[in-house]
Amino acid sequence: MARYVANRLAQAIMLLVIVSAIGFAILHLAPGGPLSQFAASAQMTQEDLDRVTRQLGLDRSLPIQYLDWFGRMLRGDWGRSYRDGEPVLAVISSHLGATLELMATATIIAVLLGCWIGVLGALRRYSLFDSLATVGAMIALSIPTFWFGLVTIYVFSVKLGWLPAGNRQTVGDGSPLDLLHHLIAPALVLALVETAMWGRFMRSSMLEVINQDYIRTARAKGMPEWRILTVHALRNALLPMITVGGLQFPTLLGGALVAETVFTWPGMGRLFLDSIGYRDYPVVMGILMFSAVMVLIGSLLADILYAVVDPRIRVG
Amino acid sequence: MADDTGKFGVGALHLGNPNRRQIFQLGAGAAAGWTLSGNAFAQTERPTNPPDKPRGQVIAALSQEPTVFHPLMPGIEVDQGIWWQVFSPLWFIDPDGQFVPDLAREVPTLENGGLSADGLTWKIKLRSDVKWHDGTPFTADDVKFSLELINNPDFRARSRVGHSLVKDIKVVAPDEIHWRMEAPYSPYMSILGSLTFIVPKHILEKVTDPNASPFHNAPVGTGPFRWGERVPGDHIQLNAHAGYHGKGPYVERVVFKYIPDLTVLYTQFRTGQVDYTGLQGILPNFVQEAKTLKGRKIFVSSTSSVEHIAPNLEFGALADRTVREALYLAINKQAIIDALNYGLPTQTESFVPQQAWSFQQGLPQHKYDPAKANTLLDAAGWVRGAGGVREKGGVKLEFTNSTTSGNAVREQTQQLLIQDWRAIGAAMRVNNMPAAVIWGDFWQQSKFNSVIVGVNFMLGSDPDVTPRFGSGAIPAKGGRGYNTYQYRNPEADRLLAEGAKQFDLAQRKTTYGNLQKLIRDDLAILPLFQGFIAEGVKEGLQGFRPNINMSINCWNIREWYWA
């Protein structure tokens, strides 16, 4: 097992180096730069822009800039944001809490609701519920998150006035109830697609399990149906979902990016968009590395968990 | 205080003697239920008295996040919203274009001896009752430190235009400072008044790296509001500074909310979550609906930005003045204004905003006349070739036009231009790019054929456009400016040099008037209209005064209060 984990770790580190090199190259080779935003200003001349470029070290060759950045990153110095001069790790951590809060809530909703719909759909295959769930999932997966968010705001904020139109909290409030009130709409919007995905995966997994011989044997032995479902079927059907969960992070982050923009949620997704727009290289690279690490950890944990549960995996 | 206006105070020029156009604008604005300038706006408010002590809060929404709080470092317009609340300049420029003393006791002039006759010696008398937010007294040492910091080679200063001429700074007394200019430079008055905030010496002289210190994220100033807190990506809270030396502040707190999507920003204004919609305001397509909202007021005001087509004067057919004139004649400007911009902006022929003292009346007015455009091109030898595209001497009348991708109104404008210009045998192709790309080398190094762009040509309220139209300011030719048009005209250079060393307002008005005529005649730019911004405030919020001389209309939140 230790060798298996070590192998996976080595692969993960190699992947991180590759991701960083490709990310750095793409980001810096893209036209434009962090000082473009000042070009239309009546205050800065080309001479000023050139001076600031030199001061930021942006006039050096790309390999030198990369090696400098990589060396500092290994020492724990992820650089400073070009926009506000704050250390990159501080910038990321200041946005992380909001994103985790949103993603965790959406995930909890999606897992509970999605698994319930999936299990019920599998047990009542081709029933009205199953058909509605299937159609509902297709619609949810087809609706752009941005549009759904705007419709939610229009209905629940503008027309009904039940929910705030955005933001993480009311200025000057920030009580748990206020936070929850603000969380409902973005979490539900983000959870929509996730629920559909979890529902579809769970339905397939459950269908596969309930047609297995051991389920038929359990029934033949006269085991109560609820016990067959919970102890035998559900436990085994949930196994493949470990992998699904581990790989959901990028999708969830992508959805959060849109939801955060629509609901003015001060999270990492919006920070990422802003930073790309401003070509804030250190922050973009920081978020890229952070996300890559999270995806790799998620995938690694899923693999390890799977290997723990199913020893045959370790051999492969 | 406001009466103590120097020679550069020029509001009377356009307020006391408004021209017919301005009178018409004021009348039309009132009839339409909105205003075109801060002055007109003042007439629509029913003033009440401000409270005795700060009361309530203002939530101001901005579509970009302020991130630069050191007011001498590179920042964008939205950062100025914070700078104006936390810091103070020596003097500021009010909506009428007058210089109003702030940290200075009076604005230096030839008459009061603040300026020497040759414009080289500046003597500034300072207020002695000003305190920094931490209680330390403000003195002339802070001014000296600020000016020296800007010229410090290790400091990432925003701009050294004008500042680099300052030599021999002498602190004569705690409330008086003198310096010598290497050369006379009259626009410096505006640069000091609208773009230069004074920073605290007692804090910044101790930092090891002038580009990164705790001050950068918790600034200390002498302005009406003290730094409160910042939740990155969400909001910045500023609290009233009780010991502020000027008028106000009348609210306890001001909260700048960052709402990146303009539709969402408008929705939050509509649902009452924000009290004021600042930069970039309300989208033109929402303005009519917004005016019907109960408990909200919508104000459309002109900005200094001039929306124009920027030709690369060294590219192909665009180098020919006749071609530029024909292209200009063939633009259906009114359609662009009415159909695409909901009739909100006003036509212009100059790079100077119409409200400025330096605006030149009587410039040739644009006429939509495709027939005349065709005649001009025919007479100049531009003959129609394959596909109806004209050419002359092997040069085809075809070019690309670029603008920021995603800017729907400009993209629609391009579609109209394609049609308009096709009718005269000119072929235009669209080549749009994201903001971070187009305004980089592509724009700065004149790699474009033509661009649709809005530019504020003014230095505060000063019409000095040496960095924009001076022949020594072409970056593509190693120049020190942003003359990306590559405009070169010896007469323009002469006028620019003359205007920058003139200190008499009447003389300057003539000089810059002649320059506007010249630029219009050369068609160095093809002006479309003067920029505008639609902003909303909740009813009952008093004191909002759009200021065309500032980059941001929430410059004076210190004067805002709830009726």
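**Close-up views of a predicted two-chain model**

**View 1. The surroundings of L90(B) in the predicted model.** Setting aside residues up to four places along the sequence, L90(B) is in contact with P101(B), D102(B), L103(B), A104(B), L126(B), V143(B), W179(B), L192(B), T196(B) and I198(B).

**View 2. The largest nonpolar core, with 111 residues.** Here we meet L90(B) again: together with W91(B), W122(B), W179(B), Y188(B) and F256(B), it touches the most other members of this core. Helix α11 of chain A (residues 281-309) brings the largest share, nine residues. Another core, of 49 residues, lies apart from this one and includes L293(B), V323(B), I424(B) and L523(B).

**View 3. Where chain B meets chain A.** The contact draws 56 residues from chain B and 47 residues from chain A. About 4,300 Å² is buried between the two chains, with carbon and sulfur atoms giving 53% of that area. On the chain B side, R156(B), A436(B) and Y482(B) lose the most area to chain A, together 12% of what that side buries.

**View 4. Polar links between the chains.** Look for D84(A) and R230(B): they form a salt bridge whose closest N and O atoms are 3.0 Å apart. The count between the chains is two salt bridges, and 13 residue pairs are in polar contact. On the side of chain B that touches chain A, α14(B) supplies the largest share, seven residues. That side divides into 25 nonpolar, 19 polar and 12 charged residues.

**View 5. Q445(B) in its loop.** Q445(B) sits between α14 (435-444) and β17 (450-456) of chain B. Its relative accessible area is 25%, so Q445(B) is partly exposed. Beyond its sequence neighbours up to four places away, Q445(B) touches Q46(A), P475(B) and A476(B).

How values were computed. Residues numbered from 1 in each chain as written. Chains lettered and ligands numbered in written order. Predicted model: local features only at pLDDT ≥ 70, side-chain atom pairs only at ≥ 80, totals over all residues. Heavy atoms only, no water. Core = buried A, V, L, I, M, F, W, Y, C linked by side-chain atoms within 4.5 Å. Buried < 20%, exposed > 50% of the residue type's maximum accessible area, 1.4 Å probe, protein only. Helix = DSSP H or I, 4+ residues; strand = E, 2+ residues; numbered from the N terminus. Contact = heavy atoms within 4.5 Å. Buried area = accessible area lost by both parts, 1.4 Å probe. Salt bridge = Lys/Arg side-chain N within 4 Å of Asp/Glu carboxyl O. Polar contact = N/O pair within 3.5 Å; in protein donor to acceptor, adjacent residues only side chain to side chain. Nonpolar A, V, L, I, M, F, W, Y, C, P; charged D, E, K, R; others polar.
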